[in-house]
Amino acid sequence: MPPNTALDQDAVPGPPAEVVAPLMRGIAVLRQLTDAGGTLSPSALERATGLARSTVDRITATLARMGYVRPDGRDVVLAPRVMELGNAYLAALRLPALLDARADALADELDESVSLAVADLDGIRFIHQATRRRAMSVSFRIGDLLPAERTAPGALFAAEWDQADWARWSTRRSGDPANTSFPAVPPQPAPGAEDFEDRVAQARRHGWAVDDQLIEPGLVAVSVPVRDPATGRSACVASVVSHTSRHTAATLRTTLLPRLRTAVAAMEADLRQAPPPQPGPAPSGLAAWTTASKHELGREFIESLARGLTVLTAFGEGRTALPLTEVARATGLARATARRALITYEHLGLVAAGPDPRTFILTPRVLDLGFPPLSRTTLPRLAEPHLRALADLLHEPTALAVLAPGSGTEIQYTAGAGASRVLTVDIAVGARLSAAGTSLGRVLLADAGGHLTPALTEVRAQGYALADEELESGLRSIAVPVRDRTGRVVAAVNVATHAARRSLENCVTDLLPALRTTADHIQTDLHTASRFTHVPPS
């Protein structure tokens with residue numbers, strides 16, 4: 001734990017006496033799931049964490065109750081709601097909200113991938129990725145951590161290091177020379193210390209840095225710091241990333257660096273002109289639900305873990321640095337309970353002292369808690385578990401569809417779940433059908449803009465559409481919309497049935513309530529996942 005922190009703890013070799021052990025164990029489980037790509041079996045978690053199987057089961061049961069993981073057969077899988085932890089850090093940071101649009105515009109202009117990264121001790125961590133879709137493209141994700149010595153941003157951040165930072169880097173490098181503790185990069189011997197020091201000196205002198213295949217063969221990048229107008233230090237680093245089939249390190253400097261510098265100048269102007277954040281109503285009682293869950297689930301629910309995790313969500317936009325009293329008020333926890341959670345997070349490197357030593361801030365390491373594997377998710381992946389649950393509940397097939405790209409008259413099926421019936425609907429993912437003849441299509445057309453027929457006006461007003469044996473004799477279906485964070489309809493979800501099983505009235509009375517609940521669950525996941533990442537509709 002760093003000295004002179006907001007909790008006035010001295011640096012110690014092991015955990016302070018006041019840490020919350022169940023919270024530490026829960027964080028270990030989330031980190032192992034993150035490093036494994038989001039999925040592990042309980043037995044694999046047992047081996048990876050060194051915890052007893054019964055402890056792993058109780059932790060995953062608690063995380064499942066919070067919506068942070070879900071069971072998938074024999075495996076435990078990260079669920080989109082866990083991204084609210086990383087969202088809290090990114091919202092408090094403000095940089096993504098202020099600079100993402102500039103990074104995306106630069107990626108479109110150059111037709112190359114563009115990233116934003118912040119310093120994380122002796123590494124760099126991505127906070128935004130604008131990736132080009134190609135057969136060979138950059139696979140880094142928001143939240144991925146890379147060693148400073150194998151990146152261009154790392155040289156720029158290291159240009160501002162003090163002796164303690166260099167000592168930390170040297171210790172880590174000598175203990176892990178192949179970078180095996182960085183899952184996002186292929187293990188290989190790092191460049192020599194003198195080589196990195198030379199690149200840092202060049203970065204300090206030039207104000208930019210190049211990565212000439214340091215991470216892996218073929219990958220090149222050029223980076224420029226985006227400076228904090230208040231301190232003059234690097235707030236983040238913007239990078240343009242390419243492949244040697246498109247650019248060499250030399251052409252990055254001559255062709256892309258000038259345009260990157262122009263974009264960075266605009267980003268710095270945005271930071272200077274940004275108004276102070278306007279926080280909404282302060283949250284309160286974030287952890288109030290945990291007591292009821294403990295009474296319901298008993299020993300299988302670890303209340304101290306659930307309460308501790310809610311502490312991270314007390315931070316957010318306009319709530320970057322919080323004193324202990326505000327954390328306790330936001331969560332509804334006793335000051336002593338909130339204090340122990342913060343001590344635990346300081347020990348784990350997830351929380352640090354703020355500008356005022358009586359306050360706390362989240363660190364980039366919060367992104368270690370499930371964010372990277374889910375930052376590349378798609379709407380069909382978000383929807384699939386909910387579609388399966390709905391199909392199991394109603395014993396009818398379900399599907400998700402979008403308006404087909406380039407067509408305003410067809411829908412494309414993007415996800416679905418079948419039902420165990422002899423007579424059932426079987427439409428393959430990827431299939432296209434006329435929008436006008438399907439319940440899914442009518443929901444999508446009703447929100448597509450332009451002139452609406454009386455039938456589509458009714459669909460829009462009532463919030464659902466029925467199709468009665470129009471696609472095929474005997475086939476009935478009912479569909480509702482799925483909306484993004486702006487309220488725009490981006491997809492539709494339906495339930496299909498046979499006319500002999502349910503009347504049109506039964507479709508509305510029996511199927512519609514569960515269908516709407518499922519759409520709400522999909523929307524909740526979509527809104528959480530898309531707050532700082534792009535979630536493709538297909």
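Six strands make an open sheet, ordered β6-β5-β4-β9-β8-β7, with antiparallel pairing. Strands here are DSSP runs of E with at least two residues, numbered from the N terminus. Two strands count as paired if DSSP finds at least two bridges between them. The edges are β6 (145–147) and β7 (209–212), and each pairs on one side only. On average, neighbouring strands of this sheet are turned by 30° against each other, direction ignored. That angle is taken between axes, which are lines fitted to C-alpha atoms; angles run from 0 to 180 degrees between N-to-C directions.

This is a predicted model: local features need pLDDT of at least 70, side-chain atom pairs count only at pLDDT 80 or more, and totals for chains, interfaces and linings use all residues. Residues are numbered from 1 along each chain as its sequence is written, and side-chain values use heavy atoms, with hydrogens and water left out.

| Strand | Partner strand | Bridges |
|---|---|---|
| β8 (residues 219–227) | β9 (residues 234–243) | nine bridges |
| β10 (residues 322–323) | β12 (residues 359–362) | two bridges |
| β11 (residues 351–353) | β12 | three bridges |

Arg227 bridges to Ser234 in β9. Leu322 stands opposite Phe360 in β12. Ala352 has Ile361 of β12 as its bridge partner. A hairpin of five residues joins β11 to β12.

Now a helix (a DSSP run of H or I, at least four residues). Helix α11 (residues 303–312) has eight of its 10 residues buried, so it is largely enclosed by the rest of the structure. Buried means under 20% relative accessible area, with a 1.4 Å probe and protein chains only. Among the buried residues are Glu303, Leu305 and Thr310.

How values were computed
Buried < 20%, exposed > 50% of the residue type's maximum accessible area, 1.4 Å probe, protein only.
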